[in-house]
Amino acid sequence: MNAYDAQKMTDLLAPAGFDETQRLDDADLVILNTCHIRERASEKIFSELGKVREVKDARRADGRATQIVVAGCVAQAEGGEIVRRQKAVDLVVGPQNYHRLPDLLRRAEQVPVIDTEFPAEDKFDHLPRASRGAIQARGVAAFVTVQEGCDKFCTFCVVPYTRGAEVSRPVEKILAEVAALAEAGVREVTLLGQNVNAYHGEGPDGRIWSLAQLCARLAEIPGIARLRYMTSHPNDMDEDLIAAHRDLPALMPFLHLPVQTGSDALLAAMNRKHDRAAYRDIVRRLRTACPDIALSSDFIVGFPGESDADFAATLDFVREITFASAFSFKYSPRPGTPAADLRDQVPEDVMVMRLAELQELLDAQRLAFNTSLVGKTLAVLFEKKGRRAGQIGGRSPYLQPVQVEAPETLIGRIVPVEITGLGTNSLFGRLADGAGCEKVDAGFSLESRSDYENRSRL
């Protein structure tokens with residue numbers, strides 16, 4: 001979502017004459033778009049600000065002005081503390097207020113400005129549409145925010161306090177944004193939300209639409225071949241969404257569904273509002289609807305009160321469910337969250353050992369899943385040039401990077417690839433003869449660009 005917000009800020013500032021630069025020394029404006037989920041992410045911002053301040057000082061000596069902006073969730077949470085700790089900052093703006101950037105930057109030329117109040121207006125109503133050239137420069141896969149905020153109030157999570165209550169964008173506005181992306185050549189769209197499967201936006205018929213309904217309508221937009229969504233909460237995996245994984249060819253068979261822990265006691269302490277049995281049942285129904293679906297998840301080790309038995313329950317649960325990939329972290333107390341005030345904090349050395357053991361298991365499952373794909377033919381959306389000359393890179397239906405020796409003319413197309421080997425973080429393959437693709441793009445064969453462009457769905 002921060003990547004999406006950063007793109008929107010770029011689009012917003014383009015009419016004011018700003019363009020992206022890859023060199024910090026050349027930047028008249030530096031925006032650090034931040035995350036507050038973990039303590040390390042928050043502290044990193046102040047380290048980065050020190051480096052940017054040095055650049056600002058050097059540019060000032062050459063007669064060049066530089067404005068520094070801190071945006072995102074750290075800005076929302078810390079507010080004026082950021083300016084107090086780093087006086088080189090000109091503007092602090094929360095994630096719901098960046099649509100005001102042009103005006104805020106003008107005001108910040110005189111005095112530091114802090115804007116972290118939750119606005120009455122919908123920021124999306126004030127964001128300009130990206131130009132065709134900007135869309136094309138970003139590639140054939142794009143993010144689109146459809147929902148923000150969260151009402152779950154997990155005891156470890158700061159999102160409800162930095163992003164606010166759940167809000168869903170109207171269907172028509174999402175359709176218009178995705179149609180513009182498709183017209184500019186985007187083939188894959190990932191729908192974003194802090195709790196995306198809680199989506200409940202107003203439809204063109206005046207009724208509330210679910211995420212499943214939204215996906216079905218988006219799949220009809222000419223040119224959009226692939227859909228993904230993240231991040232989901234188990235409690236919002238309803239039957240319609242599960243059925244969509246069976247019925248919508250455009251919906252990729254890969255789902256990120258955070259569970260956080262395999263201990264029922266800790267799930268209750270985290271206020272997750274589900275238990276092991278409920279998560280297990282969701283997985284069963286998903287795998288019944290879409291047998292080739294792969295799962296990803298999030299895990300926290302060392303949540304306050306986590307015992308050896310609780311951690312063992314997590315390991316057992318991971319072995320039972322099996323995941324194609326996962327993100328795992330040591331618990332990080334977030335100021336203002338209920339868990340930060342719990343007394344029974346787990347010692348750092350215990351968290352380190354538990355995290356290493358969990359990650360060893362998760363890495364083994366990821367390797368086993370990737371290995372199972374060797375010899376299979378997958379539909380790969382080629383996105384960019386590869387690491388070496390003559391190579392192009394793309395993504396499998398399961399989101400893995402895939403490297404293939406093939407011409408650059410295939411970028412933007414979905415092509416059958418036989419997986420021949422594994423790298424540390426990538427799959428390697430060769431162009432197949434068009435037969436034997438996996439379920440997602442069943443029946444797909446190599447075709448001319450004109451034929452491909454005329455197809456609305458695979």
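Student: Where in the chain is V374 found?
Tutor: Let's start with its neighbours, in a model that is predicted, where local features need pLDDT of at least 70, side-chain atom pairs count only at pLDDT 80 or more, and totals for chains, interfaces and linings use all residues. Residues are numbered from 1 along each chain as its sequence is written, and side-chain values use heavy atoms, leaving out hydrogens and water. Helices (H or I, at least four residues) and strands (E, at least two) are DSSP runs numbered from the N terminus. V374 is found in the loop between α14 (348-372) and β15 (377-385).

Student: Is V374 buried, exposed or partly exposed, and what is its relative accessible area?
Tutor: Buried means under 20% relative accessible area, exposed over 50%, and partly exposed in between (1.4 Å probe, protein chains only). V374 is partly exposed, because its relative accessible area is 34%.

Student: How many aromatic pairs are there?
Tutor: Rings of Phe, Tyr and Trp (its six-membered ring) pair if their centres lie within 6.5 Å; planes under 30 degrees apart count as stacked, over 60 as edge-to-face and the rest as tilted. By this rule, the count is five.

Student: What is the angle between the planes of F153 and Y161?
Tutor: This aromatic pair is edge-to-face, with 5.8 Å centre to centre. The angle between the planes is 75°.

Student: How many residues apart in sequence are the parts tied together by F369 and Y398?
Tutor: These two form an edge-to-face pair, 5.2 Å centre to centre with 90° between the planes. F369 lies in helix α14 and Y398 in the loop between β16 (391-395) and β17 (401-405), so the parts tied together are 29 residues apart in sequence.
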